Number of protein chains: 2
Amino acid sequence: MEVIHSPQNALYKLCHKLAAHRRDRLKQKKTLLDGTHLVAAALDASWVIEKLLVTPEGLDNPEVAGLVKTSAVTPTLLEPALFKSLSELPSPTGLLALVSIPDNALVRKQGLCLLLDGVQDPGNVGSILRTAAAAGVDQVLLSDQCADLWSPKVLRAGMGAHFVLDLVERADLLQFADQFAGPIAALMLEDAQDLYAATLTGDLALVMGSEGQGVSADMAARASLRLTIPMQPGIESLNVGAAAAICLYECVRQTRLR
Amino acid sequence: MEVIHSPQNALYKLCHKLAAHRRDRLKQKKTLLDGTHLVAAALDASWVIEKLLVTPEGLDNPEVAGLVKTSAVTPTLLEPALFKSLSELPSPTGLLALVSIPDNALVRKQGLCLLLDGVQDPGNVGSILRTAAAAGVDQVLLSDQCADLWSPKVLRAGMGAHFVLDLVERADLLQFADQFAGPIAALMLEDAQDLYAATLTGDLALVMGSEGQGVSADMAARASLRLTIPMQPGIESLNVGAAAAICLYECVRQTRLR
């Protein structure tokens, strides 16, 4: 088993770049999965693990040892101090996987699609992906202004949703809207109809805007439905992850009634 | 106008403790509101601001200057380096308010109540409070294991919800459940009925469990309704903020139909 002691090691240096910078993830088309939960989810979804990095303590953990065995990858041992510099987890589990970022899915023209128009907080993007997976969304498209889909923080908040969703990053949402078969429904705060008065079954593209500015003017202009979530007087808005959950599950509820 | 240059200043030292430690917030019954949005929300809700701390740059911002004027409090100037050590915001707005933490509300026995049973992530607690305010929840009760309601992170994620909600922290949820007039509905992953098959109008206490363990065994034993959110096969769970939003807005939807 190879053991990495030095920060000058080529694999360590690659991993360090991938953990820290979007541009390196884009250039290498690789990312890191941090912790047993994500690695298990990737293995469940039959993803190819290219490298496994473990600490000596990690290998003593039966869960880590089991995942190493399942992966059929010979792990690389990493000194704990080096490992820690690659992990954002408050208590690292001692297991990291290096994987290739898949190509974008083919853009859909039908189904239930979720468009993220500049959602910037990694925790929000991850939580929304998790909800989309649970709700059975057919495709999630993210504009270039969104948090990086394959960053450690988004992966962590996504809790494995990345491995089961049909994803398109750096998507041209305007072009998508022009070609989509069903209505484009944008969540807005003004000039919009009550979510619960709208029909949300069949082909539908739901657009969620950024935390600060909401849906961009160009996308709002493409929307055939402008939806709003009813709120108590004096309340300005909801967290975008909460708003996405409310809208997507109203789609689920209506679809199940059909 | 008083100007604080030294980290030995008593007001600065107090604020530093309040920003960092729950035990100091509990002992002093005070906390800090960081940034123009929270200070504006507190003033809108007629909260008493005890002190305002501003940077020289902050005072040049018309929004800050307007809030200082509205508050009728003579601000204390703080050197930017000292100010920065009190703020968690990536770009501090240059305005902090010192306020007293209100006493717990009287525990309700009726209405729509939300019980947080060990929700630990400050961002989740804040987002849930924001949703609860929008949905018109009558009271939110937090067990002692929850993230500190009055911490800077929860306040920030709450976006002002703290000032409009009826709140009970360090609540005895079991005692609440024994005295509450309506059903106690716990969100569970197993042995539970579909959310959309349940009647969620009238007096209702909705229990959301912790991120890792869910609803505690003692609370689950008190629940007269066990609810689950329908999810695609293979998906384990939702973010608790998303789950709370889905459940609370199903209450809103059903209540509006009555």
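This is a predicted model: local features need pLDDT of at least 70, side-chain atom pairs count only at pLDDT 80 or more; totals for chains, interfaces and linings use all residues.
**View 1. Strand 7 of chain B and the directions of its side chains.** In a regular strand the side chains alternate between the two faces of the sheet. In strand 7 of chain B, which covers residues 139–142, B:Gln139 and B:Leu141 point one way, while B:Val140 and B:Leu142 point the other way. These four residues are buried on either side of the strand.

**View 2. Pairing of strand 7 of chain B with strands 6 and 8.** Strand 6 of chain B, residues 112–117, pairs with strand 7 in the parallel sense over four bridges, and B:Cys113 stands opposite B:Gln139. Strand 8 of chain B, residues 167–168, also pairs with strand 7 in the parallel sense, here over two bridges, with B:Leu141 standing opposite B:Val168.

View 3. Strand 6, helix 7 (residues 122–135) and strand 7 of chain B together make a right-handed β-α-β unit. Strand 7 then takes part in another right-handed β-α-β unit, made with helix 8 (residues 152–158) and strand 8 of chain B.

**View 4. B:Leu116 in the nonpolar core.** The largest nonpolar core comprises 136 residues, and among those with the most contacts inside it are B:Leu114, B:Leu116 and B:Val140, together with A:Leu114, A:Leu116 and A:Val140. When neighbours within four places in sequence are left aside, the residues in contact with B:Leu116 include B:Val140, B:Leu141 and B:Leu142, as well as B:Val125, B:Ile128 and B:Met208.

**View 5. Aromatic pairs around B:Trp47.** Over all chains the structure holds six aromatic pairs. The ring centres of B:Trp47 and B:Trp150 lie 5.8 Å apart with the planes at 35°, so this pair is classed as tilted. The pair links distant parts of the chain, 103 residues apart, since B:Trp47 sits in the loop between helix 3 (36–44) and strand 3 (51–54) of chain B, and B:Trp150 in the loop between strand 7 and helix 8 of chain B. B:Trp47 has a relative accessible area of 18% and is therefore buried, the cut-off being under 20%; B:Trp150, at 3%, also counts as buried. B:Trp47 forms an edge-to-face pair with B:Phe163 as well, at 4.7 Å centre to centre and 75° between the planes. B:Phe163 lies in the loop between helix 8 and strand 8 of chain B, 116 residues apart from B:Trp47, and is buried with a relative accessible area of 8%.

**View 6. The aromatic cluster of chain A.** A:Trp47, A:Trp150 and A:Phe163 form one aromatic cluster.

Key:
Residues are numbered from 1 along each chain as its sequence is written. Chains are lettered from A and ligands numbered from 1 in the order in which they are written. Side-chain values use heavy atoms; hydrogens and water are left out. Buried means under 20% relative accessible area, exposed over 50%, partly exposed in between (1.4 Å probe, protein chains only). Two strands pair if DSSP finds at least two bridges between them. A crossover is right-handed if, with the strands pointing away from the viewer, the path from the first strand over the helix to the second runs clockwise. A nonpolar core is a set of buried Ala, Val, Leu, Ile, Met, Phe, Trp, Tyr and Cys residues joined through side-chain atoms within 4.5 Å. Contact means heavy atoms within 4.5 Å. Rings of Phe, Tyr and Trp (its six-membered ring) pair if their centres lie within 6.5 Å; planes under 30 degrees apart count as stacked, over 60 as edge-to-face and the rest as tilted.
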